[in-house]
Amino acid sequence: MRWLLVKDLQILRRSPLLVGLLVVYPVVIALMIGFALSSPPGKPTVALYDAVRTGRGAVSIGNQQINISHYANQLFQSIKPIRVTSRAQAIRKVQDGQAQAALIVPADIVSQINSLITQGVGNPTVELILNSRDPLERQFAQQAIAARANQVEQAVSKQVLRVAVTDLQQVLNGGKLQFLGQSVPLLGLRNARAIVQGTIASLPANSPLRPALKQVVDFADLASGGLGFASPVLSSIGSPLTIKQTELTGKTTPSASYAAAIAVIVSLMFVGVLLAAGLLALERSEHAYSRLVRGLIKPEGLLSEKVLLAAGAATGVTLLMSALVSLFVHLEWMRFPLWLAALVMGALAFGALGVAIGGLARDVSVASLMAFVVSLPIAFVALVPGDAVSGTLKSILDAVAFVFPFKAALQAAANAFSGTAPGIGWPLIHLAVLTLVFGALARLALRRFA
Amino acid sequence: MSIGTQTAQRTVTVAVRGLTKRFGARIALDRISFELYAAEVVAIIGPNGAGKTTLLSILAGVLNPSEGEVIRTPDRRFGWVPQEPALYSKLSVAENLRLFARLERVADPDQAVAAMLAQIGLEDRAGEEVARLSGGNQQRVNIAIGLLCEPPALLLDEPSASLDPRQRERLWEFIGGLAGRGTTIIFSTHNVAEAERYAGRTLVLGDGELLFTGTPADLERAVSGGDTTLDADTPRLAGDFESAFVRFLHDRGH
């Protein structure tokens, strides 16, 4: 097997176009994904239903007003809004794919905010409906809206805080209160305490008013101390606005590292499948197969050599690619042994699939074409989101994805890169079983060679 | 008769007994038996689909027979030269020879490569990629690989099919030299004149059956119904043998 391996490496070394393609192709994919993920994205399209009537978007806090429409205009700088006239219409836009998300502002939002501020009761809520079919688009729209909603929250809570703290200072220290256009003097708790304390001092020692006035002074002390802590307590109340968001079921992987895993596994698949299929088919197109298997090497040995070489090359190229991608996307280098395990097991499974294809083909060009034709749908089937198709079709797609290595390799890589996807153990076992199954199919296919 | 036994001063290299090969319902070879002797040059002739390549593939160990056996010296592989040159076109002549010498577990691969290069007269082109060689030279390298393990018998499947007359002449000169050194040569061909000219014995196959075994002169005699005017010592035109061959097949319904 060693000499065949050396021979194949010599042949690859003398095929610069093929090797160049095998190395350059994944690197170009890595760079493209890196640039795509690091570049500022455009505006997401959002269906916007604003039920607040025109001119009713102002919230009064003390003697100040917050105009919600001012913050709505800021939100429009981050999204491409499609104004709709009902909640149902907004949802339809998302379902039809015309909008990546829908934002629904209820009619009672202003009264809810007012109630929360003046009575401490109320739950001002806006509704965000996300299109979960594409995790990248979903995250993109969510981030754009969440960032602006956070600004509205900050602005409202800042204004509330400013008014509340000013009022508290006046209650504590006294000042002037604007009421019906007139300036009304306000004594303040500390001044009142000083007056009462002075009054107590001027009373005779046995005056019956002393105990009562002493109670007022004690209350003023307690109230001053308590209200002194009120400012920092108010500062901690910073989220008056709730965003009700439609959540996806099940665990998810951070979109950026998931996209990186897709890019890496697509490359792993192409290098592994194409190389294994091509190298095995080469033995036939060079008419060497019959010479080799008449006692020089067993068919199983020949298949193992092709799988190992293709898997080694695919692992090497995709490790390099992962390192490049990690310049743009956060991948956890601490989990490198798991990267290696996922890529090696995935590469072996793709290599085995490659020799099964190469075993059926008569020459290199047919094998390459077959490898390409088989690989693309395998990736496509594994990447179709479950909620984008009907239940029956989903079951069929799941079954097809299960018998090919792409989905298991993607799960393993996604877990290895970020640790947030479902566990890595089962995908690795799945890949090991697929390697054996496709190896056995390749052995059967080789009978055609003789 | 055991392998290596000398019969009338001839050593048996391989004995074939009741060889049958089926591909599904189709019978490619039907109970074929014969022997080959050292230094003998044997041609297998027959129409397309007669079973020539199947027979050679079984002798080479590429295919397993459905029934029957091939008896030969244990641990001694025959040299195998497939119809198309079985060479890696991206490797040089020397690299091809060295690879197969190592796979054949030849004791000294470099020495074996040098010896083969000398034998096929391609020492000066040892470093050249096989893809750049002419068809004739590729066939010489192809044969050299078959000879690396110093086999007692060399099996050639239509060795001259893609060669021009000059290259063919040089090929047969080379093969004649091998037989002269004691190697058994068995080749298949469509070229009846070539069989008559270079083979000491012919095996005629038709629809998987062995129809005839003997010298070309024997075949002509069989066709002419024992006409002894045509014996092995009588100079003949190549066309005579070809006509006899065609008539022979025709008479037997092939």
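1. The largest nonpolar core of this predicted model has 129 residues, and those with the most contacts inside it are A:Ile265, A:Phe406, B:Tyr88, B:Leu97, B:Phe100 and B:Ile185. Helix α10 of chain A, which covers residues 255-285, gives the most to this core, contributing 19 residues. As general background, nonpolar side chains tend to be buried together in soluble globular proteins.

2. Apart from this core lies another one, of 24 residues, whose members include B:Leu19, B:Leu55, B:Ala60 and B:Leu203.

3. B:Phe100, named above among the residues with the most contacts inside the largest core, deserves a separate look. If residues up to four places away in sequence are left out of the count, B:Phe100 touches A:Arg291, A:Leu292 and A:Leu296 in chain A, and B:Ala86, B:Tyr88, B:Ile145 and B:Leu148 in chain B.

4. Turning to the interface, the contact between the chains takes 30 residues from chain B and 18 residues from chain A. The size of an interface is often given as the accessible area lost when the parts come together. Here chain B and chain A bury about 2,300 Å² between them, and 58% of that area is on carbon and sulfur atoms. Within the area that chain B buries against chain A, 28% is supplied by B:Tyr88, B:Lys90 and B:Leu103, which is more than any other three residues supply.

5. B:Glu95 forms a salt bridge with A:Arg14, in which the closest N and O atoms are 2.5 Å apart. Across the interface of chain B and chain A there are also 11 residue pairs in polar contact, counted where both residues have pLDDT 80 or more.

6. As to which elements of chain B face chain A, β6 (79-81), α2 (93-103) and α4 (135-147) of chain B each supply at least two residues of the side that touches chain A. The largest share of that side, five residues, comes from α2(B). Sorted by class, the side of chain B that touches chain A has 16 nonpolar, six polar and eight charged residues.

7. Chain B has eight helices and 10 strands, and 50% of its 254 residues count as buried. Among the contacts in chain B between residues at least 6 apart in sequence, 67% join residues that are at least 24 apart.

Definitions and conventions
Residues are numbered from 1 along each chain as its sequence is written. Chains are lettered from A and ligands numbered from 1 in the order in which they are written. This is a predicted model: local features need pLDDT of at least 70, side-chain atom pairs count only at pLDDT 80 or more; totals for chains, interfaces and linings use all residues. Side-chain values use heavy atoms; hydrogens and water are left out. A nonpolar core is a set of buried Ala, Val, Leu, Ile, Met, Phe, Trp, Tyr and Cys residues joined through side-chain atoms within 4.5 Å. Buried means under 20% relative accessible area, exposed over 50%, partly exposed in between (1.4 Å probe, protein chains only). Helices (H or I, at least four residues) and strands (E, at least two) are DSSP runs, numbered from the N terminus. Contact means heavy atoms within 4.5 Å. Buried area is the accessible area (1.4 Å probe) that two parts lose on being put together, summed over both. A salt bridge is a side-chain nitrogen of Lys or Arg within 4 Å of a carboxyl oxygen of Asp or Glu. A polar contact is a pair of N or O atoms within 3.5 Å; within protein, one must be able to donate a hydrogen and the other to accept it, and residues adjacent in sequence count only if both atoms are side-chain atoms. Ala, Val, Leu, Ile, Met, Phe, Trp, Tyr, Cys and Pro count as nonpolar, Asp, Glu, Lys and Arg as charged, and the others, Gly among them, as polar.
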